[in-house]
Amino acid sequence: MTAAPVPQQAAPAVDAAQPAPGGPAGPPVTTAAQGAVPAQPVAQAGDPAAAGPPRTAEEQATGAAVTAAATGADKAAQETTPAAEAGPAADVPAPPVADAAQGEAVPETTPAHPAVADGPSDAPAGPADGAAAATPEAAGDPQPAAATGEGPAPAPDAAAPADAPADAEPADTPVPAPAPPSSDGQDTPPVPGAAPCARAPAPRCASATTSAPARATRAKSPPTTPGADGAAPAPAPAAPGEATPAAPGEATPAAAPSTAGAVSITPAPAGAPSAAAVPPAAEAAAVHRLMREPRDVRDGFLPDPIPHEVLLRVLESAHTAPTSGHAQPWDFVIIRSAETRTQVHELAVRQHDAYAKSLPKGRAKQFKELKTDAILRTPVNIVVTADPTRGGRHATHPQQRPQLAPYSSALAVENLWLAARAEGLGVGWVSFYDERELVRTLDLPEHLEIVAYLCIGYVDAFAEETEPVPAGPARQRPLSWVVHDEAYGRRALPGAEPHDLLTETLEDIRPLDAQALAEAWERQKRMTKPAGALGALEVISAQLCGLSRRCPPPLPEPAAVAVFAGDHGVHAQGVTPWPQEVTGQMVANFLGGGAVCNAFAQQVGAEVCVIDVGVKGELPGQPGLMPRKVRAGTGDITAGPAMSREEALRAVEVGIETARDLVAAGNRALLTGEMGIANTTVAAALIAVFTGSEPAEVTGRGTGVDDDTHVRKIDVVRRALQRHQPDAADPIGVLAAVGGLEHAALTGFILGGASLRVPVILDGVSAGAAALTARAIAPEAVSVCVAGHRSAEPGHMAALTALGLRPLVDLDLRLGEGTGALLALPVVQSAARAMREVATFDAAGVSDKN
């Protein structure tokens with residue numbers, strides 16, 4: 001096929017030095033005791049933990065802290081201590097402390113176990129059994145003396161240095177793409193958006209993902225043993241200034257506060273909980289660190305058996321989970337039998353293979369990386385079930401909300417997961433897509449619901465990252481995305497002012513990485529092909545390198561096309577013969593898989609997502625539909641504004657959030673799509689504003705209107721622009737005056753992709769209008785855009801010329817729906833694959849022309 005002459009692409013600005021992408025991330029959160037190394041607890045005689053693999057001091061201190069936190073509420077309900085009676089009630093229970101002087105006894109209903117180094121869950125842990133972790137101390141701060149009857153606490157270890165804060169992001173100085181001259185004298189084609197001058201690139205990050213903490217490996221050295229005669233080691237002498245513990249059964253008089261080596265205590269404000277309700281800083285730090293660490297383990301399991309007492313502690317913590325009703329709906333089915341685990345594994349493999357066949361190719365490839373071998377490799381599997389009938393009709397949940405039973409059981413799963421991590425155990429969650437088949441395989445009662453199938457065992461190391469595609473942006477959603485203050489959409493973190501989603505997004509948009517671009521062009525010269533032989537693909541591959549800050553770049557897969565749907569009030573002006581109801585009907589067609597975009601997406605392995613941002617009619621909820629309606633269609637732009645400024649901003653935010661959601665779900669390429677009868681009229685108006693063109697130059701025939709309708713359409717665009725006189729310097733105002741809800745959402749979609757450094761493949765004229773609007777908001781946003789094709793609409797060519805983008809496909813398409821972008825997706829992926837897999841002259845042993 002031969003395309004009409006197209007202008008060369010303008011190059012996006014280039015970032016000299018940027019950190020590796022990983023999505024927007026806030027500043028690191030630290031705690032008072034973060035970075036401290038807890039004291040190594042002393043093992044007691046007959047320690048059953050010796051039967052299993054040993055754990056590090058940090059893991060043992062964490063285990064004690066989490067066991068205490070998980071069981072504290074349950075113990076508080078069963079036991080009453082003088083300290084609890086003396087102080088006022090608090091919302092947060094005090095951490096359990098064994099105090100023989102207070103006469104506290106272990107409940108007889110709790111099974112007794114030998115003392116273990118990290119603190120058994122059947123009795124409150126005291127210093128002698130290692131439940132209290134040492135905290136870093138600063139000389140000169142006051143510290144209350146501890147009262148205990150169990151013996152002296154172990155000497156604290158030296159505090160480890162606190163985690164260094166992340167390096168500040170360097171200032172972004174746009175630099176051009178350093179495109180070296182080709183070896184055969186041909187000019188190197190420019191990268192989209194590159195500036196005309198160049199300077200030496202600065203060093204860049206070596207990885208495309210945010211660095212994670214070092215992998216925590218379980219200690220292999222044996223635990224501390226008691227003395228030769230089997231007795232516990234003699235207590236260490238008290239340090240100067242420390243209170244000497246009283247013997248068991250003796251009361252300890254109140255001691256004056258010590259000032260040597262004490263932890264600094266900030267006075268609590270009025271109305272704050274009492275000191276007894278606030279856990280020690282070391283315990284709080286251990287619990288918070290544990291919650292932040294990745295928990296889903298997929299490989300690295302060891303065959304070591306899990307001691308019964310360890311597993312019992314984990315289950316006890318799980319059993320203390322809160323519930324939404326009066327009954328505890330969960331049960332834990334422990335599976336150790338190799339025969340049963342083999343049957344379950346075969347079922348999991350069969351169901352996973354069937355589910356993978358239903359996915360788009362890119363998503364199926366990603367899904368197949370999730371293995372089910374942990375069912376066989378771990379010594380223990382636990383099935384967590386929910387019984388919605390337990391306790392009678394009203395005990396577990398209201399009849400109108402039967403899902404509360406599995407919700408409560410999910411809380412038990414979370415407790416189990418945390419407790420296992422504190423014990424140095426890894427937990428892997430295996431998904432089953434027909435739980436009733438699993439119920440029959442395990443011969444469970446038919447009325448039970450399976451909430452989780454967990455594989456539990458010791459691991460050689462805990463993974464830094466749970467992302468199935470390490471090269472892609474982080475899946476973890478930043479906290480600032482999900483916290484709303486007082487009203488949904490009013491985003492603000494506690495203690496901070498509300499932040500604007502658009503402003504936050506614009507702050508994360510950066511130029512292409514100069515160092516990666518330089519490496520890309522250098523590699524192009526050394527690949528086993530003549531320089532420039534791949535034409536526009538070389539430009540695309542260099543653009544992908546600069547975007548990902550890596551050379552070669554990651555493959556842009558999986559991919560998702562977002563089809564934004566909305567109606568237009570200008571339809572009343574007779575600009576199209578198609579009835580407005582077609583918009584909603586086509587949405588149903590997309591969801592049913594019967595549209596052209598569905599066929600193309602199936603062919604190239606992309607996912608189709610439909611977003612209702614402004615369809616006039618009400619759409620029933622269906623799988624695949626994302627209801628984000630801002631308003632039911634726009635106003636007639638010849639009689640008034642299309643929407644208010646606030647509605648235009650909300651529609652832009654819908655697009656930003658859609659891009660965030662799709663990238664967080666693992667997609668590595670975003671494709672634009674739209675559906676809306678009469679939307680080419682609106683697109684023509686937007687393009688005329690941002691390019692300065694006359695309406696007749698950019699207004700096409702859309703769905704194929706006749707000459708009379710075409711003339712009327714041009715006149716409608718002219719009248720709308722004359723009425724509103726939109727200012728191109730105010731892009732949100734332009735959208736509000738003459739835009740469409742899907743055009744505004746597409747604008748946000750492009751901006752969101754730019755902030756996440758994910759390539760955005762543009763479709764036709766509506767996408768071109770949105771890209772012009774996005775460029776007016778953030779010029780650097782164009783650096784992520786790839787023109788999928790050139791539409792038959794004249795306004796699309798005007799938009800691409802203004803954007804400096806070269807279309808990859810020219811087939812006279814004028815359908816929309818994302819069809820042109822879908823056809824271009826394999827071309828973009830081929831550009832990345834060529835950069836990754838084509839050998840260089842040196843590697844292949846091929847002589848170049850020099």
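Author: What follows is a set of questions about terms, each answered by setting a value against its definition. The model is a predicted one, and its protein chain comes to 25 helices and 13 strands. Of the 850 residues of that chain, 50% count as buried.

Reader: What makes Phe432 and Tyr453 an aromatic pair, and why is the pair called edge-to-face?

Author: The ring centres of Phe432 and Tyr453 are 5.5 Å apart, and rings pair if their centres lie within 6.5 Å, so the two count as a pair. The angle between their planes is 65 degrees, and because planes over 60 degrees apart count as edge-to-face, that term applies here. A search of the whole structure finds three aromatic pairs.

Reader: How do you know that this pair links distant parts of the chain?

Author: Phe432 belongs to the loop between strand S5 and helix H9, while Tyr453 belongs to strand S6, and the two residues are 21 apart.

Reader: Why are Phe432 and Tyr453 called buried?

Author: Buried means under 20% relative accessible area. Phe432 has 16% and Tyr453 has 1%, so each of these values falls under the cut-off and each residue counts as buried.

Reader: Which residues does Thr658 touch, and why is Thr658 called buried?

Author: Thr658, which is found in helix H16, touches Ala562, Phe564, Ile611, Met626 and Phe749, leaving aside residues up to four places away in sequence. Its relative accessibility is 1%, and because buried means under 20%, Thr658 counts as buried.

Reader: Why does Glu504 count as buried, and what does Glu504 touch?

Author: Glu504, placed in helix H11, has a relative accessibility of 14%, which is under the 20% cut-off, so Glu504 counts as buried. Not counting residues up to four places away in sequence, Glu504 touches Ser480, Trp481, His499 and Arg660. The C-alpha atoms of Glu504 and Trp481 are separated by 9.8 Å, yet the two residues are in contact, because contact means heavy atoms within 4.5 Å.

Reader: How do you know that Arg421 lies over the face of Phe462?

Author: Arg421 is at 3.6 Å from the ring centre of Phe462, and a charge sitting over a ring must be within 6 Å of that centre and within 35 degrees of the ring normal. The distance therefore meets its limit, and Arg421 is found to lie over the face.

Reader: What describes the packing of helices H17 and H22, and what classes of residue make their contact?

Author: Two packed helices are described by the angle between their axes and the distance between the axes. For H17 and H22 the angle is about 35 degrees, with the axes 9 Å apart, and the crossing is left-handed. The residues of this contact divide into eight nonpolar, five polar and no charged.

Technical notes:
Residues numbered from 1 in each chain as written. Predicted model: local features only at pLDDT ≥ 70, side-chain atom pairs only at ≥ 80, totals over all residues. Heavy atoms only, no water. Axes fitted to C-alpha atoms, helices over the stretch in contact; angles between N-to-C directions. Helix = DSSP H or I, 4+ residues; strand = E, 2+ residues; numbered from the N terminus. Left-handed = near helix turned anticlockwise from the far one by under 90°. Nonpolar A, V, L, I, M, F, W, Y, C, P; charged D, E, K, R; others polar. Phe/Tyr/Trp six-rings, centres within 6.5 Å; stacked < 30°, edge-to-face > 60°. Buried < 20%, exposed > 50% of the residue type's maximum accessible area, 1.4 Å probe, protein only.
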